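Work through each task before reading its solution.

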Amino acid sequence: MSRLKQYLSGVKDGFPIFLGYLAVSFTFGIAAKAVGLGGFESALMSATNFTSAGQLAALSIIASSSGYVEMAFTQLIINLRYCLMSSALSQKLHPSTPTYHRLFVAFGNTDEIFAVSSAKEGYISPFYSYGLMTLPLPGWTLGTLLGVLSGSLLPERIISALSVALYGMFIAVIISPARKSKVIAGVVLLSMLLSVIFTYLPVLRLIPSGFRIIIITLLIAGSAAVIFPVDDEKGDVK
Amino acid sequence: MSGNPFIYIAVMALVTYLIRAIPLTLIRKEIKNKFIKSFLYYVPFVTLAVMTFPAILTATNNLWSALAGFVTALLLAYFNKGLFAVSVSACIAVFVVELII
C-alpha cells in the first residue's frame, strides 16, 4: 500500500477515536476551568500531553499547588502503562523504521491509538499511525478548549452517549480475537474480573488506577505467557 | 493555584512523552525471547479489558444506558463488526436508552 493509502486508512480508523475524544476532552475542559486554568493553558496541556487520566490527575495537583516533582512523579505512576504499550507497539513497527518516525509515532501512542494499532495484522506503517492521530489530536485539543469556553455547548445527553465511544472501540479490539481463541477469551474475562476486584475491594481500591493496570497486566499477561506461550511466527494462539 | 501552569504543563508533557518514546526507540529489533514475545502479545488484551470494565458502567448518566452501550458493543464485536460500527452503535444505544428512561 502506498504511503497516502496507509495514511488515509489511519484517518478512517481514527474517526471513532475522534468522536470519543471530543466528548472526554470536553468534560476535561470543564474540569480544567473549575481549577482556574484558562482556555489557552488547558488546550496547550491537551495538545502536548494527549492523555486523559494523567491530565485529570494534573488538575488536582495544580489546584492544590503541589510541587513540580510531585507532578512528575504522579505522571510517571499514572502513565507508566504507556511503557508497556510502547514496548508492545515496538513489535508492530518494522525493525528498519527510522528513529525520527519512532519519535513521532511515540507521541501519539494513547490508549485508544494503541488499541487500534494492536488490532492491525502484521507490521504497521508510521504513516498509518500519523493518519490515526490526524483527527484525534486536534479533536482532543479543540474539545478541551470548547469545554473551558462553554461548558453548556454540547447537551449533556450527547456527552453521555459519546462517553462510551472509546470503550466501544476497546471492546471491538478485544472481543473479536477472544471469539477465535479460548486463551484470549480467558485472558479478557480474568482481566475484567481482577479489574472489578481491584476497583471495589477495600485496600485494593486505594491503588491508583495507573498502577492497577500495570499490576494486573504483569500478573495476567505474565501468567498467560508462561502457560500459553505464543508459538508460531504469526503470533496466533489457538 | 500558586505554581506556574506552564511549568506544570512542561513537566507533565516531558514525563509522559519519555515514557512513550523510550521503549519505542530502544526496542528496535524483533524480540526473539519466547516469554517476552508472548507477554507483549497479551498486553493489549489485558490493558484494554482492565480499562473497559467496570469503568464503562459509570461512564454515562445512568447504569442502564451504560449497560445498553456495553451489551450492544459486546454483541456487535462478537459478530465481527468493525471498530467504527461497534463504537457508534454503543453511543446510539446509550442515547436511545436515556431518551426512554
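**Exercise 1.** How many residues of domain 1 of chain A are in contact with how many residues of domain 2 of chain A?

*Solution.* This is a predicted model, in which local features need pLDDT of at least 70 and side-chain atom pairs count only at pLDDT 80 or more, while totals for chains, interfaces and linings use all residues. Residues are numbered from 1 along each chain as its sequence is written, chains are lettered from A and ligands numbered from 1 in the order in which they are written, and side-chain values use heavy atoms, with hydrogens and water left out.

Step 1. Chain A is divided into domain 1 (3-163) and domain 2 (181-238); the bounds come from an automatic or database domain assignment.
Step 2. With contact taken as heavy atoms within 4.5 Å, 6 residues of domain 1 of chain A meet 6 residues of domain 2 of chain A.
Step 3. A:Ile77, A:Arg81 and A:Leu84 supply 67% of the area that domain 1 of chain A buries against domain 2 of chain A, more than any other three residues. Buried area is the accessible area (1.4 Å probe) that two parts lose on being put together, summed over both.
Step 4. The two domains of chain A bury about 560 Å² between them, with 85% of it on carbon and sulfur atoms.

**Exercise 2.** Describe the interface of chain A and chain B.

*Solution.* 
Step 1. In chain A, 107 residues are in contact with 68 residues of chain B.
Step 2. About 7900 Å² is buried between chain A and chain B, and carbon and sulfur atoms give 73% of this area.
Step 3. A:Tyr68, A:Arg157 and A:Arg179 supply 9% of the area that chain A buries against chain B, more than any other three residues.
Step 4. A salt bridge requires a side-chain nitrogen of Lys or Arg within 4 Å of a carboxyl oxygen of Asp or Glu; the count between chain A and chain B is 0.

**Exercise 3.** Which residues does A:Phe127 touch, not counting residues up to four places away in sequence?

*Solution.* 
Step 1. A:Phe127 lies in helix 8 (residues 126-134) of chain A, where a helix is a DSSP run (H or I, at least four residues) numbered from the N terminus.
Step 2. Beyond four places in sequence, A:Phe127 touches A:Arg3, A:Gln6, A:Tyr7 and A:His101.
Step 3. A:Phe127 and A:Leu8 are 119 residues apart in sequence, and their C-alpha atoms are 8.7 Å apart in space.

Conventions
Helix = DSSP H or I, 4+ residues; strand = E, 2+ residues; numbered from the N terminus.
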